[in-house]
Every structure is written in C-alpha cells, then in structure tokens.
Amino acid sequence: APLLLWFRKDLRLADNHALAAAVETGRPVIPVYIREPGHDGSGPLGGAQAWFLHHSLAALDKALKHAGSRLICRSGKAGDALFALIEETGADTIHWNRRYDPAGMQHDSALKTDLKKNGLTVESFAGHLMHEPSKLKTKSGTPYKVYTPFWRALDADYDPPEPVSAPDKIKHPHKWPDSETRTDWALLPTKPDWAAEFSDLWTPGEGGAHKRLERFLDEGLDRYETGRDFPARDVTSGLSPHLALGEISPASIWHATRNLDHDLRDAVVKFRKELAWRDFCYHLLYHFPKLDRDNWNDKFDDFPWETNSKAFKAWTKGATGYPIVDAGMRQLWRHGIMHNRVRMIAASFLIKDLMIDWRRGERWFRDTLVDADPASNAANWQWVAGSGADASPFFRIFNPVLQGEKFDPDGAYIREFVPELKDLEKRYIHKPFEAPADVLKKAGVELGKHYPKPIVDHKQARDTALGAYKKLSG
Ligand code: FAD
C-alpha cells in the first residue's frame with residue numbers, strides 16, 4: 001500500500017526525516033500538502049507569508065517531479081483531507097515532521113489518535129528545530145527561561161543530528177489522486193500588488209534557501225560579527241523566511257558552518273548563537289503556550305496601554321516622523337522583511353513611545369513578514385516589551401535618533417526606504433525635525449508636507465512610559 005507524506009512547515013526534500021523514512025520503506029509515496037485555513041487553530045496565515053508559501057509549494061512540486069513524484073494539494077480540515085486520500089489511494093501509513101506551535105501540536109495529537117483508532121500507522125519525525133524542546137532541561141529538570149544557560153547547554157553537549165540527503169528517486173503510486181490547483185487558493189495579493197518587489201529579493205523554495213546559505217557563507221559570514229547590527233550592510237543570512245517554512249533545516253545550517261576557516265571561528269559562534277535563539281523561542285513557546293497572547297510576566301497585565309488608532313496607523317505606514325522607525329516599517333511593507341536591529345527599534349517605539357500593546361505590533365508583523373514565525377515573533381515582541389521570559393528591562397528605552405546615528409551612520413538605510421529624505425545632510429538624516437529651515441529647503445523637504453513631523457516627542461513619551469511602568473512596579 002502507498003504511504004502518505006504530509007508536508008507542513010517542512011517544504012524541502014533534503015534533511016527531511018519523514019521523507020527519508022518513507023523512501024526507505026521502498027513503498028510508493030504520495031506527498032500531500034493541505035491548506036487548512038482556520039482549521040488548525042494556528043491563526044490566519046499572514047499576507048506576506050502566503051505569497052512566499054505560494055511560490056514555495058510550486059518549487060516543492062518541481063523538486064518532487066524531478067525525483068519522479070509530485071505534490072498533491074488539498075484544502076479543508078486535515079483529518080477530512082487525509083481520510084479522503086486514504087480512501088482513494090488505499091494508503092495505510094502517514095508520515096509527517098513534527099511542529100511545535102501549541103495549536104499545531106494539539107491538532108496533530110488529536111489527529112494521530114483518530115488515525116490510529118482507524119487502524120492506520122502514523123509516524124512523526126523531528127527536524128523543524130535543532131533539538132526537541134521537551135528534552136532540553138536545566139540541571140534541576142525545569143525548562144530554560146534564560147537564554148545564556150540554554151546556549152551553553154547547546155554549545156557544550158549538543159550538535160544537531162547530521163542532515164540526511166534528498167532522495168534521488170521517490171517511488172510513485174500506480175495512479176495519482178486528484179490535486180487542487182494552487183492558483184485557486186488565492187495566496188497571492190490581487191490589487192494593489194503590494195508584493196511587487198518581493199520576487200526581486202526572494203527565491204522561495206529549497207534551491208533558493210541553499211543558494212542564500214552559500215552566498216552568506218561566501219560573502220556575509222566574515223563580516224557578520226561586526227556588521228550584523230547595521231541595516232544597510234546586508235551581511236546577515238536572510239535565511240529566516242526559508243526556515244519559517246522549513247525549506248532548509250536549522251541542522252543543515254548548523255552543520256554547514258563546521259570545518260570552516262579558523263579565522264571564521266568567532267563569526268561562526270556568533271551566527272550559531274542567533275540560530276539558537278530560534279530554538280530558544282520555540283522552547284519558550286512550547287513551555288508557555290500562550291506566549292503570543294499573554295504576558296509572560298503578568299505584572300504587565302495592568303499596563304495602561306493606549307488605544308490610539310491614529311498613532312498605530314502612522315506606525316504601520318512608516319509615518320511617525322522618526323526616520324529609522326519609518327524606514328523599517330516601509331522596508332517591512334515593501335520587502336516583507338525588516339532588519340533585526342530595526343525590528344527592535346520599531347517595536348520599542350510602538351510599545352514605549354506610543355504605549356501601544358505589543359500584541360498589536362506582533363499581529364501586524366505576523367501579517368507583513370515573510371518570515372513570520374509563531375515562536376520568534378511572540379518571544380521577540382515580549383523581549384522588547386520587557387514582559388517576556390529573558391527580556392530586555394522595560395526601562396531600557398531605545399532612543400530612535402541615537403540608534404539611527406549609531407547603526408546607520410551615513411543614513412544609507414534611510415535614503416533607501418525614506419526617499420523623500422535622500423538629499424538631507426547626514427547630520428540631520430535621523431532628526432529632520434532639528435534641521436534648520438535652509439537645510440531642509442536645500443534638501444527639498446517641508447516637514448508636515450513631504451515628511452511627517454514627529455507624532456510624539458521622544459523625551460516626553462519616554463518619561464510618560466517610565467511613569468506608567470513605575471506605577472506598575474510600585
Ligand atoms: P541572521 O542574523 O542571519 O540569523 C540567522 C537565523 O537565526 C535567522 O534566520 C533566525 O532564524 C535566527 N535568529 C536570528 N535572530 C533571532 C532572534 N532574535 N530570535 C529568533 N531567531 C533569531 N524572526 C523570525 O524568524 N520570525 C519572526 O516572526 C520574527 N519576529 C521578530 C519580531 C521582533 C520584534 C524582533 C525584534 C525580532 C523578530 N525576529 C523574527 C528575529 C530576527 O529579527 C530575525 O530572525 C532576523 O532578522 C532574520 O534575519 P536573518 O535570517 O538575516 O538573520
């Protein structure tokens with residue numbers, strides 16, 4: 001009988017343990033992807049990631065065809081779709097790679113019970129993370145809440161398993177079941193096409209992911225340690241959207257950084273530490289399933305959040321009057337990504353300058369990031385808010401002008417994403433509101449007309465936020 005291989009956030013052939021085990025049985029394999037809007041409890045798929053997914057599924061189908069197979073697409077409740085396929089094909093075994101978001105896990109375990117009750121064999125495999133979050137524990141047997149000891153444990157005792165290669169050939173069934181047409185799923189934006197620039201930047205799919213990794217190892221890694229905080233330098237890997245949909249496994253990335261030049265040792269450690277943050281975020285989400293909804297530190301439940309929708313809208317549009325925040329928010333909209341340093345600045349601005357609930361920012365990011373990830377997004381938002389497990393203290397409030405001056409000293413990042421300021425002198429590029437009238441005039445900028453005046457005064461906003469926080473602590 002054939003075997004169903006259910007693809008989810010593991011859209012790759014290499015280092016795919018569920019696939020490797022399926023091929024090893026020597027039986028025909030039917031690869032399936034099920035679009036389950038609203039059925040798996042994991043929240044709506046964001047618009048930007050939907051774009052990525054559309055292309056990623058096309059790439060997966062192509063790669064499967066290359067190996068003599070193909071991708072069968074179905075939609076609806078996963079259970080219904082799987083049982084229908086079992087009925088149609090006579091399959092008696094299902095393989096999948098585990099997911100680790102709480103809704104997905106709950107969904108899978110109920111489904112597993114159901115399938116087994118019906119006499120089917122279900123096998124699940126690891127691979128989305130470098131280690132199983134249930135296994136890694138502190139010496140006292142509790143989950144990690146602090147990153148540094150988590151990293152130390154990983155670094156000292158743990159290398160993720162060696163990646164397995166993609167199969168050359170995947171045995172196909174005598175007859176393929178029907179597949180839905182992916183274009184009917186309407187994953188791509190209609191009008192306006194806000195994703196117009198995405199394809200200049202991203203090549204969804206396993207091939208694109210591995211090319212990115214190679215490019216990073218050749219051109220980015222040696223400058224990573226010193227350059228990773230500078231948004232205009234383009235030295236980070238850009239692997240996050242590929243990881244989010246599992247087009248490449250974290251284990252293969254980890255192993256690709258072994259045996260490199262001795263000179264790169266420090267850069268490799270720094271990079272691996274970042275990769276370990278991803279696992280750490282999942283570790284937190286696994287042990288605190290409400291990470292994307294509830295404050296880890298419930299002291300924040302009483303925080304007097306502002307519900308100012310005008311300010312929120314200005315933030316989403318990149319019209320706050322603080323160039324580094326606006327550049328980040330516009331990069332997010334245009335490219336589906338934002339540099340990590342700028343994510344921290346933009347998030348801090350929303351939470352602390354505008355005093356808007358981090359959950360609203362988290363939702364906006366989920367919808368606009370191609371790398372939207374349930375664990376990394378929630379954990380990082382809580383980190384910035386100060387409400388998280390191993391969080392940056394609330395009172396550490398980023399000054400958007402000083403951050404801009406430090407990490408984008410020439411203003412190249414601003415000039416790219418806030419073009420109306422492109423002719424502004426370097427010394428005012430992060431604070432156009434302080435520029436003398438003649439300087440603004442020379443640059444062709446009228447504040448309030450071409451570029452907004454600041455929607456809040458940072459110093460004042462900072463005092464207000466600190467006051468609110470003090471009340472909370474007191
Ligand atoms: P690199 O610097 O090349 O790092 C390599 C990999 O390490 C990344 O691809 C990523 O998987 C992991 N990584 C790096 N930094 C972090 C981090 N702080 N937390 C978790 N993993 C990390 N990342 C997401 O993948 N999805 C999200 O939804 C997401 N939301 C975020 C929200 C906020 C408010 C902040 C501050 C950060 C968020 N991040 C998120 C983390 C980080 O910004 C991105 O992972 C990183 O910018 C991706 O770029 P890169 O692949 O070039 O990173």
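A residue is called buried if 20 or more other C-beta atoms lie within 10 Å of its own, exposed if 12 or fewer do, and partly exposed in between, with the C-beta atoms placed from the backbone. By this rule, the buried residues of helix α14 (residues 358-368) are W358, G361, E362, F365, R366 and T368. The structure is a predicted model, in which local features need pLDDT of at least 70 and side-chain atom pairs count only at pLDDT 80 or more, while totals for chains, interfaces and linings use all residues. Residues are numbered from 1 along each chain as its sequence is written.

**Helices and strands**

- Helices (H or I, at least four residues) and strands (E, at least two) are DSSP runs, numbered from the N terminus.
- What covers the buried residues of α14 includes α2, α12 (323-335), α13 and α15, where two residues are in contact if their C-beta atoms, placed from the backbone, lie within 7 Å.
- An α-helix has 3.6 residues a turn, so residues three or four places apart point the same way.

**Domains and their contact**

- The protein is divided into domain 1 (1-128), domain 2 (129-159 + 201-287) and domain 3 (298-473), with bounds that come from an automatic or database domain assignment.
- The centres of domain 1 and domain 2, taken over C-alpha atoms, are separated by 25 Å, and the contact takes 21 residues from domain 1 and 20 residues from domain 2.
- On the side of domain 1 that touches domain 2, the largest share, eight residues, comes from α2.
- The residues of that side of domain 1 divide into eleven nonpolar, five polar and five charged, where Ala, Val, Leu, Ile, Met, Phe, Trp, Tyr, Cys and Pro count as nonpolar, Asp, Glu, Lys and Arg as charged, and the others, Gly among them, as polar.
- The unreviewed UniProt entry carries the annotation "domain: Photolyase/cryptochrome alpha/beta" for residues 1-130; UniProt positions are given in the numbering used here, feature names are shortened, and annotations may be inferred rather than shown by experiment.
- Over residues 1-130 the chain is 43% helix and 20% strand, and the end C-alpha atoms are 32 Å apart.

**The shell around the ligand**

- Of the 27 residues around the ligand, T236, S237, N340, N377 and N380 come nearest, a residue being near a molecule or strand if its C-beta atom, placed from the backbone, lies within 6 Å of it.
- At least two residues of this shell are supplied by each of α8 (240-244), α10 (265-287), α13 (340-353) and α15 (374-385).
- The shell residues divide into 13 nonpolar, eight polar and six charged.
- Because domain 2 and domain 3 both give residues to the shell around the ligand, the ligand lies between them.

**The nonpolar core**

- The largest nonpolar core has 126 residues, and those with the most contacts inside it are L4, L5, V32, L285 and A346; α10 gives the most to this core, with ten residues.
- A nonpolar core here is a set of buried Ala, Val, Leu, Ile, Met, Phe, Trp, Tyr and Cys residues joined through C-beta atoms within 7 Å.
- Leaving aside its neighbours within four places in sequence, V32 is in contact with L4, L5, W6, F7, I72, R74 and L85.

- E36 lies in the loop between β2 (29-35) and α2 (47-66), and E36 counts as buried because 20 other C-beta atoms lie within 10 Å.
- K77 lies in the loop between β3 (72-75) and α3 (78-89), and K77 counts as partly exposed because 15 other C-beta atoms lie within 10 Å.
- Leaving aside neighbours within four places in sequence, E36 is in contact with G76, K77 and A78, whereas K77 is in contact with E36 and H39.

**Backbone details**

- Most residues other than glycine have a negative phi, and most peptide bonds are trans.
- D15, found in the loop between β1 (3-7) and α1 (17-24), has a positive phi of about 45° although it is not a glycine, and D15 is buried, with 25 other C-beta atoms within 10 Å.
- A186, in the loop between α5 and α6, has a positive phi near 50°, and A186 counts as exposed, with 10 C-beta neighbours inside 10 Å.
- The peptide bond from K191 to P192 is cis, with omega near -5°, and P192 has its place in the loop between α5 (147-157) and α6 (198-201).
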